[in-house]
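Please open the model in your viewer and keep the sequence panel beside it. The stops below say what to select next and what is to be found there.

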Amino acid sequence: MDYINLGRTGLKISRIGLGCMTFGSPDWAPWVLDADASAPIISGALDRGINFFDTADMYSRGAGEEVLREKLLPLAPRHKLVIASKLYNAMSDDPNDRGLSRKHVFDSIDGTLKRLGTDHIDLWQLHRFDYDTPLEETLDALNDVVRAGKVRYLGASSMHAWQFMKALGIQRANGWAEFVSMQPHYNLIYREEEREMLPLCRSEGIGVLPWSPLARGVLAGKRSSVRSETDGQVKALYEASKAQDEAVADAVRKVAEARGVPMAQIAYAWVASRPGITAPLVGISRTELFDDAIAALDLQLTEEEVAALEAPYRPKAVSGHQ
């Protein structure tokens with residue numbers, strides 16, 4: 001496994017990160033694995049040199065973080081792990097148990113630290129942009145959490161580039177802890193982040209951690225699964241463009257067949273090799289699926305292959321910010 005600096009920081013993370021949305025409680029979603037079923041995947045990640053684990057408080061309403069406490073932390077010294085989590089989404093029906101208010105920022109970090117069983121988070125990320133809270137309030141609170149030693153680095157996810165740049169400007173003007181990473185929705189069938197967000201991140205030295213690099217399995221040749229049938233986000237992100245997406249998937253299939261490798265390797269390799277990308281986040285439900293993600297890091301696509309993969313794409317409406 002190779003390691004890379006996260007943006008302009010000195011923090012080294014593995015070239016792929018393990019997305020942990022599939023760990024937690026099947027009561028939250030039928031495709032989620034419980035602690036015992038998650039254990040071999042977590043240990044398999046460590047065995048393969050992955051040191052970056054990305055979760056969120058809302059995954060199984062906190063149970064996802066608890067799985068990492070139970071199954072990850074006993075396996076390695078804390079200083080060898082880079083643990084990322086997120087806040088924003090509702091954690092209960094209470095109106096203050098969501099969003100990015102100062103109250104919720106403080107409540108969220110304490111809840112996440114307790115569930116993870118650690119005294120700090122390496123990377124704490126805004127899951128989405130909060131239109132109901134002044135940005136200055138959120139950023140001031142985040143700075144206080146960093147200065148208190150509870151968080152090492154700050155990141156954000158899926159928002160408009162102008163929102164992210166505004167936040168960076170406020171942080172810099174006040175001398176507050178700055179965002180060092182962005183986690184965007186990015187894959188071969190959703191490339192709208194190439195317009196503004198990715199150039200912004202390259203310009204500002206922001207690490208980029210794409211989520212859903214296989215488009216929830218579409219780019220691995222899987223259109224039907226328990227998750228695709230029950231995860232509302234799959235339908236929201238990809239159902240309307242199904243015919244268009246199939247053309248892109250066909251291009252991936254042709255390149256994969258010519259190479260004699262699985263489609264997933266090609267899709268991962270494309271994302272990982274795009275300018276400014278730090279580490280794609282891979283969601284693994286079976287340990288053998290690690291093979292494609294890791295093999296993709298050494299797969300060098302030719303200019304002709306990249307052109308063939310990108311040719312079927314057509315512009316889309318922005319998605320993934322909700």
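**From a bridge into the sheet**

Select glycine 19 and then its bridge partner in β4, which is aspartate 54. Before going further, note that this is a predicted model, in which local features need pLDDT of at least 70 and side-chain atom pairs count only at pLDDT 80 or more, whereas totals for chains, interfaces and linings use all residues. Residues are numbered from 1 along each chain as its sequence is written, and side-chain values use heavy atoms, with hydrogens and water left out. Helices (H or I, at least four residues) and strands (E, at least two) are DSSP runs, numbered from the N terminus.

Aspartate 54 itself lies in strand β4 (residues 52–54). Is aspartate 54 buried or exposed? With a relative accessibility of 2%, aspartate 54 counts as buried, the term meaning under 20% relative accessible area, with exposed over 50% and partly exposed in between (1.4 Å probe, protein chains only).

Now show the side chains of aspartate 54 and lysine 86, which make a polar contact at 2.7 Å. A polar contact is a pair of N or O atoms within 3.5 Å; within protein, one must be able to donate a hydrogen and the other to accept it, and residues adjacent in sequence count only if both atoms are side-chain atoms. If residues up to four places away in sequence are set aside, aspartate 54 touches several others, including Leu18, Cys20, Tyr59, Gln125, Gln183 and Leu281, where contact means heavy atoms within 4.5 Å.

**Across the sheet**

Select the strands next: an open sheet of 8 strands runs in the order β9-β8-β7-β6-β5-β4-β3-β10, with parallel pairing. β9 (207–208) and β10 (281–283) stand at the edges and have a single partner strand each, so one side of each is left without a neighbour in the sheet.

Move to β7 (151–157), where 5 of the 7 residues are buried. Its pairing with β6 is parallel over 5 bridges, and glutamine 125 has glycine 155 in β7 as its bridge partner. Helix α4 (residues 135–147) lies across β6 (121–126), β7 and β8 (179–183), and runs at about 150° to β7; axes are lines fitted to C-alpha atoms, for helices over the stretch in contact, and angles run from 0 to 180 degrees between N-to-C directions.

On the other pairing of β7, the partner is β8, again in the parallel sense, over 4 bridges, and serine 157 stands opposite glutamine 183 in β8. From β7 the chain crosses through helix α5 (residues 161–174) to β8 in a right-handed β-α-β crossover, a term used if, with the strands pointing away from the viewer, the path from the first strand over the helix to the second runs clockwise. β6, α4 and β7 likewise make a right-handed β-α-β unit.

**Helix α1 and its ends**

Select helix α1 (residues 35–47), whose buried residues are Ala35, Ser38, Ile41, Ile42, Gly44 and Ala45. These buried residues pack against β3, β4, α2 (63–71) and α11 (290–296). At the start of α1, zoom in on aspartate 34, where a side-chain oxygen reaches to within 3.3 Å of the backbone nitrogen of aspartate 36.

Just after α1, glycine 49 takes a positive phi of about 90°, and its backbone oxygen lies 2.6 Å from a polar atom of the side chain of tyrosine 3. Tyrosine 3 is placed in strand β1 (residues 3–5) and, at 43% relative accessibility, counts as partly exposed.

Isoleucine 206, in the loop between α6 (197–204) and β9, counts as buried at 7% relative accessibility. Beyond its neighbours within four places in sequence, isoleucine 206 is in contact with residues among them Gly7, Phe164, Leu168, Phe179 and Cys201.

Arginine 61 is found in the loop between β4 and α2 and is partly exposed, with a relative accessible area of 44%. Serine 212 belongs to the loop between β9 and α7 (226–230) and is buried, with a relative accessible area of 8%.

Definitions and conventions: Pairing = 2+ DSSP bridges.
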